[in-house]
Amino acid sequence: MARDNHHSPADLHRSSPNAMRMNGLMRMTRRDALLMGMGTIAAYGIAGAATSTGPAADPGIEQFMEVSRCLTDRSQLDPRIGAALYAGFIHAAQERKAQISKLYDLLKNDRSATASEFAKAAEQTDSSLKDAIHDIMTGWYRGVADGKVVVYRSALMFDITKDAIFPKTYAAGGPFYWTTKPPEVARPTGLPALSPSSFVVEPT
């Protein structure tokens, strides 16, 4: 009788406990594959909607990006992060949408203004814009909007110190790299553009 060429899985009673657990973890049913595929489609659909330039896209997102590029003094910012931050700001405070539009109008009138000059002029025009500017800067530098973390590794606070400090949970060198002395960082010489705000102790 011809030998059956079909190879069945290893007998479970001959497998070690670790092998049995690994076999269970590696086994994927058709239902798991279908759910994974649906999740991938949904994720790409959300990302596509965030960067869509179709008629359904909120024009406030591009206004937000223009204002953000001026305030952060950066010519390039990730539009996907910007769309997520903008959505969080609007959800947390509906007045932010009108304030971002007002900031955009101010920026259009004087595109030669520096970030500091623009922030000062905005607060002088409308003191409520100061809170909107705080939210925008906090969003980009800390990666937080509406009390939720939108982005972590790509937050600008890590970008400006990447030559000396690395994000928590990210190892950038070999074993015991943290024992070497970090490079010297020049002391900031700039002055605050906005008026002082009340100090808030955040929970840790």
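I start with a loop. D146 sits in the loop between β1 (144-145) and β2 (148-149); helices (H or I, at least four residues) and strands (E, at least two) are DSSP runs, numbered from the N terminus. The phi of D146 is near 55°, a positive value in a residue other than glycine. Most residues other than glycine have a negative phi. D146 counts as partly exposed because its relative accessibility is 26%; buried means under 20% relative accessible area, exposed over 50%, and partly exposed in between, with a 1.4 Å probe and protein chains only.

Two remarks on the basis of these values. This is a predicted model, in which local features need pLDDT of at least 70 and side-chain atom pairs count only at pLDDT 80 or more, while totals for chains, interfaces and linings use all residues. Residues are numbered from 1 along each chain as its sequence is written, and side-chain values use heavy atoms, with hydrogens and water left out.

D73 is found in the loop between α3 and α4, and it counts as exposed because its relative accessibility is 66%.

In soluble globular proteins, nonpolar side chains tend to be buried together. What is L103 in contact with, leaving aside its neighbours within four places in sequence? Its partners are V67, F118, A122, L129, A132, I133 and I136, where contact means heavy atoms within 4.5 Å.

Next, the aromatic rings. The whole structure holds 4 aromatic pairs; rings of Phe, Tyr and Trp (its six-membered ring) pair if their centres lie within 6.5 Å, and planes under 30 degrees apart count as stacked, over 60 as edge-to-face and the rest as tilted. F64 and Y86 form a tilted pair, 5.8 Å centre to centre with 50° between the planes. F64 lies in helix α3 and Y86 in helix α4, so this pair ties together parts that are 22 residues apart in sequence. Both F64 and Y86 are buried. Y152 and F158 make an edge-to-face pair, at 5.2 Å and 70°. Y152 is partly exposed at 33% relative accessibility, whereas F158 is buried, with a relative accessible area of 11%. One aromatic cluster is formed by F64, Y86, F89 and W140.

M157 is partly exposed, at 32% relative accessibility. Leaving aside neighbours within four places in sequence, M157 is in contact with Y141 and R142. From M157 to G143 the C-alpha to C-alpha separation is 8.6 Å, and the two are 14 residues apart in sequence.
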